[in-house]
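Open the model in a viewer and keep the selection panel at hand. The stops below run from the contact between two chains to the spaces beside and inside them.

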Amino acid sequence: MHGMTLLFYGFSAILLYAACRVVSARNPVHAVLHLILAFFTAACLWMLLEAEFLALALIMVYIGAVMVLFLFVVMMLDIDLARLRQSFWRYFPLGAGVGILVALEMGLTLGSRFFREQSLAALPSRAAEASNTRELGALLVTDYAYPFELAALVLLAAIVGAVALTYRKSFLRRSPDPERQVRVSAADRLRLVSMPAEKEEDGVC
Amino acid sequence: MGEIAFQFLTPWADGWFGALWPTVWLTLWTLAKIVAIVLPLMLGVAYLTYAERKVIGYMQVRLGPNRVGPQGLLQPIADALKLLFKEVVVPSGANRRLFILAPMLSLAPALAVWAVVPFSDAMILADVDAGLLYLLAIGSLGVYGVVLAGWASNSKYAFLGAMRASAQIVSYEIAMGFALVAVVMVSGSLKLSAIVASQQTGMGAALGMNFLSWHWLPLFPLFLVYFISGVAETNRAPFDVAEGESEIVAGFHVDYSGMAFALFFLAEYAEMILIAVLTSLLFLGGWSSPLGMFPDGVFWLLAKSCLMLFFFLWFRATFPRYRYDQIMRLGWKVFIPLTVFWLFVVAIWMLTPWNLWK
């Protein structure tokens, strides 16, 4: 258990450092990289709680897919660092206010009766054979079937929204159609005609 | 073997470490196992480059490397030495820290995934419960090495290569993931050793024809999708637009030299070997022998992986490079609908009386 505690504090320190660097880093790419580090360390903390499915899903979904696209976009932005720094103090009160609000909310939640000592101690110790993923899956399709379906609906709405926002009508689309390109045959493009090599006239010479 | 060594060393080591000895022993033994995995892997990478040059050479009616050592067998060693002694040049406009970090970020996940890969019943470093999930999660980290290399080099060509590579990896990961979902469904576990075990039972295995029970037959479309996506994931020909020489010189690693450049190559070839081993584990029965009369063993896994690696080389010698939009079309419009459809087919199949995987 001693080793686990050491690991916990180690990961927490890295997580806090990375989270601070996300907001303090000057270079936006560095900020995104620290965000990735923060996600990864959070996944490690979940792993310590034996929630391996959640931890690995966090790495796979957020680090493996979402953050790659995020990094992509940030890398392509042409950001003027000097101009960004200029307005720092103008936005500072707003940012600080939001930060304090979030800290207060977290304090209220963590101080509520759900996080009291006795409810935390009631975490059941799992059998060595139990598979976290299997248990989670069974719960999702039995006890939490409706919330699960609702979440799926919300995601579906998001997908439809994304498609509706970016869909271009076919007459506006300029991209070539690969199916037609692949199906093309030489006869469509090229016509061989046989012509005599010289004109059979006798006027010029 | 570990037990015997432990018994043998205990009287001698107790004086040195006292009560900590079991912990120290566990650490040492795990380190020894890691070395036993990584060392052959590195050798495999070295000789995969040799095999690639030889195989493609013979396919193109050339000899391939044949000067260093007998049959050119020492060529990979010579190449490695050459790369070790070369200078690592950091371009003046590059982001120095990320430029150095990127090759490491690309190699580290390529090695870390091997922690959960089983080689036979007993030969496995960590037989974790969510092994397949771990493989997918850590495998998806490899893309950062490529993206950061492209960005940190501060060069247009490198950046274009990095963008192509990452878009490609992210899109093919989806089809790959769906193909694996079906494997997990039919074998009922995320544990790699359990997935192999589930292929050793069934109608074919009862008749002594083990290869009919492996997942490749009932999941044939997914087997193809998985392997082709694996080729695309590793940025190998015919999906190697990320380093398309004719357009962007060498892609994301155009500004790298010496050992930093070699690390990218190590990562790429280690990933190729990983895809080959995983295809053999998930679809070709892992270490189980094709016919019941032969004993199971790690050599079957090696033989199947070598066959898969040969396909990688064969593809490279045979197919011309895909155009970029066709790669995206194949991933999104062909593979993903195909895997989703076959997922439904398998799900319905499992509920019918003809369920093969009870």
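Contact here means heavy atoms within 4.5 Å. By that rule, 29 residues of chain A and 28 residues of chain B take part in the contact. The model is a predicted one, in which local features need pLDDT of at least 70, side-chain atom pairs count only at pLDDT 80 or more, and totals for chains, interfaces and linings use all residues. Residues are numbered from 1 along each chain as its sequence is written, chains are lettered from A and ligands numbered from 1 in the order in which they are written, and side-chain values use heavy atoms, with hydrogens and water left out.

**Stop 1: the interface**

Show both chains as surfaces. The size of an interface is often given as the accessible area lost when the parts come together. Between them, chain B and chain A bury about 2400 Å², with 72% of it on carbon and sulfur atoms; buried area is the accessible area (1.4 Å probe) that two parts lose on being put together, summed over both.

Now select B:Leu133, B:Tyr144 and B:Trp151, which supply 22% of the area that chain B buries against chain A, more than any other three residues. Colour the chain B side by helix: H4, H5, H6, H7 and helix H14 (324-351) each supply at least two residues of the side that touches chain A. Helices (H or I, at least four residues) and strands (E, at least two) are DSSP runs, numbered from the N terminus. H7(B) brings the largest share of that side, 6 residues.

**Stop 2: the largest pocket**

On a 1 Å grid over the protein atoms alone, a pocket is an open set of points with protein on both sides within 12 Å along at least five of seven lines, a cavity is a set where a 1.4 Å probe fits but cannot get out, and lining residues have an atom within 4 Å of a point. Grid points are joined across faces, edges and corners, and a volume is the space filled by probe spheres set on the points.

The largest pocket has a volume of about 1600 Å³. Select A:Phe53, A:Ala57, A:Met60, B:Leu133 and B:Val181, the closest to its centre of the 41 lining residues. H3(A) gives the largest share of this lining, 10 residues. By class, the lining has 29 nonpolar, 7 polar and 5 charged residues.

**Stop 3: the cavities**

There are 2 cavities of 30 Å³ or more. Select B:Gly139, B:Gly142, B:Glu233, B:Thr234 and B:Glu271, the closest to its centre among 29 lining residues. H12(B) supplies the largest share of this lining, 7 residues.

Move on to the second largest cavity, with a volume of about 30 Å³. Its lining consists of A:Phe72, A:Met75, B:Val147, B:Phe159, B:Ala162, B:Met163 and B:Ser166. H7(B) gives the most to this lining, with 4 residues. The lining has 6 nonpolar residues, 1 polar and no charged.

Definitions and conventions:
Ala, Val, Leu, Ile, Met, Phe, Trp, Tyr, Cys and Pro count as nonpolar, Asp, Glu, Lys and Arg as charged, and the others, Gly among them, as polar.
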